[in-house]
Amino acid sequence: MDSQAINKAAQLIHASRHAVALTGAGHSTPSGVPDFRGTGTGLWSRIDPMTVASLEVFLQYPRAFFDWSRPLMRLMIDAQPNAAHLALAELEQLGKLKAVITQNIDNLHQRAGSRRVLELHGHWQESTCIQCGRVVSSASYLDNWLETGAIPHCDCGGVLKPNVILFGEMLPPAVLAAAQAEAMACDLMLVIGSSLEVMPAAMLPGVALQNGARLIILNRDPTHFDEYAAVVMHEDLVETLPAIVVALKEIM
Ligand code: ZN
């Protein structure tokens, strides 16, 4: 590992007043949650998610969505937070991280102990009836759906749609506004496991930079923000991020 970059990142976090993290699929792939929006591997590359995970398809043919997402849900339930999730939660506990803005829907940040998590693409914890708008806990149908494949329905007969943001669906306005406010307020943004290609994640580091923040980018592949970042590491983020937190605690 690049110890110079580790130490520089630790110093930037130490000196920051308001650091936030922006995380993407790459943060959870080491936990076994596939990047289902990306080109993916194996199971996930055979079906274009646009054809099953769009709002339009869901409203007409919910079975396509539920059948496609069933194995994904199994993986998300079995997944455990990895060392990078735990390191982010520790940063928050140390008072050095104000928020995690995430593109992930797997709940792993919360399970690792992060408290302020802004989920740009929603979450699976709750579902909403597409007919009457009633909101229920997804736990009420999860076991039965995973076991039998039965599509979940509300008491009114309407299909229950998990509160994840499908393609063609608006992002949750309050979450988006909070994420933008964090990007404007922060003086340091850690971009972790995101290739910064999907909006609005692709825009938030630019907002941070325009407001004078520094960037730390930890991602396997290069991003188009690399050249503007104070620290860029393309090594394994489950190693780099915990190492940065260790280095930070040494200088705190
Ligand atoms: Zn209903």
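## Sheet, helices and salt bridges

In β9, the residue that bridges to Ile217 is Val232. This is a predicted model, in which local features need pLDDT of at least 70 and side-chain atom pairs count only at pLDDT 80 or more, while totals for chains, interfaces and linings use all residues. Residues are numbered from 1 along each chain as its sequence is written, and side-chain values use heavy atoms, with hydrogens and water left out.

Let us start with the sheet around that pair. Strand β8 (residues 214-218) and β9 are joined by three bridges in the parallel sense. Helices (H or I, at least four residues) and strands (E, at least two) are DSSP runs numbered from the N terminus, and two strands count as paired if DSSP finds at least two bridges between them. Both strands belong to an open sheet of six strands, paired in parallel and ordered β3-β2-β1-β7-β8-β9. Because β3 (117-119) and β9 (231-233) stand at the edges with a single partner strand each, one side of each has no neighbour in the sheet. From one strand to the next, the twist averages 15°.

Helix α10 (residues 237-251) lies across β7 (188-192), β8 and β9, and runs at about 140° to β8. Axes here are lines fitted to C-alpha atoms, for helices over the stretch in contact, and angles run from 0 to 180 degrees between N-to-C directions. Ala243 sits in α10 and touches Met1 and Ile6, leaving aside residues up to four places away in sequence; contact means heavy atoms within 4.5 Å. Ala243 and Ala10 are 233 residues apart in sequence, yet their C-alpha atoms are 8.9 Å apart in space.

Elsewhere, the pairing is antiparallel: four bridges join strand β4 (residues 122-129) to β6, with Gly122 opposite Val164 in β6. Strand β6 (residues 160-164) is mostly covered, five of its five residues being buried. Buried means under 20% relative accessible area, exposed over 50%, and partly exposed in between (1.4 Å probe, protein chains only).

Which of its residues are buried? They are Tyr141, Leu142, Trp145 and Leu146. Seen down the helix axis, the buried residues of α7 fall within an arc of 130°, so they line one face; the arc is that of the directions from the helix axis to the C-beta atoms. Their cover includes α4 (62-78), β4 and β6. Ser140, Asp143 and Glu147, on the other side of α7, are exposed. After α7 comes Gly149, with a positive phi near 80°.

Finally, the charged pairs. Seven salt bridges turn up in the whole structure, each being a side-chain nitrogen of Lys or Arg within 4 Å of a carboxyl oxygen of Asp or Glu.

| Salt bridge | Closest N and O atoms |
|---|---|
| Lys249 and Glu90 | 2.5 Å |
| Asp155 and Arg134 | 3.2 Å |
| Glu169 and Lys161 | 3.4 Å |

Lys249 in α10 and Glu90 in helix α5 (residues 83-93) are 159 residues apart, so this pair links distant parts of the chain. Lys249 is partly exposed at 40% relative accessible area, and Glu90 is partly exposed at 26%. Asp155, from the loop between α7 and β6, and Arg134, from the loop between β4 and β5 (135-137), are 21 residues apart. Asp155 is exposed at 72%, whereas Arg134 is partly exposed at 39%. Glu169 is partly exposed at 24%, while Lys161 is buried at 9%.
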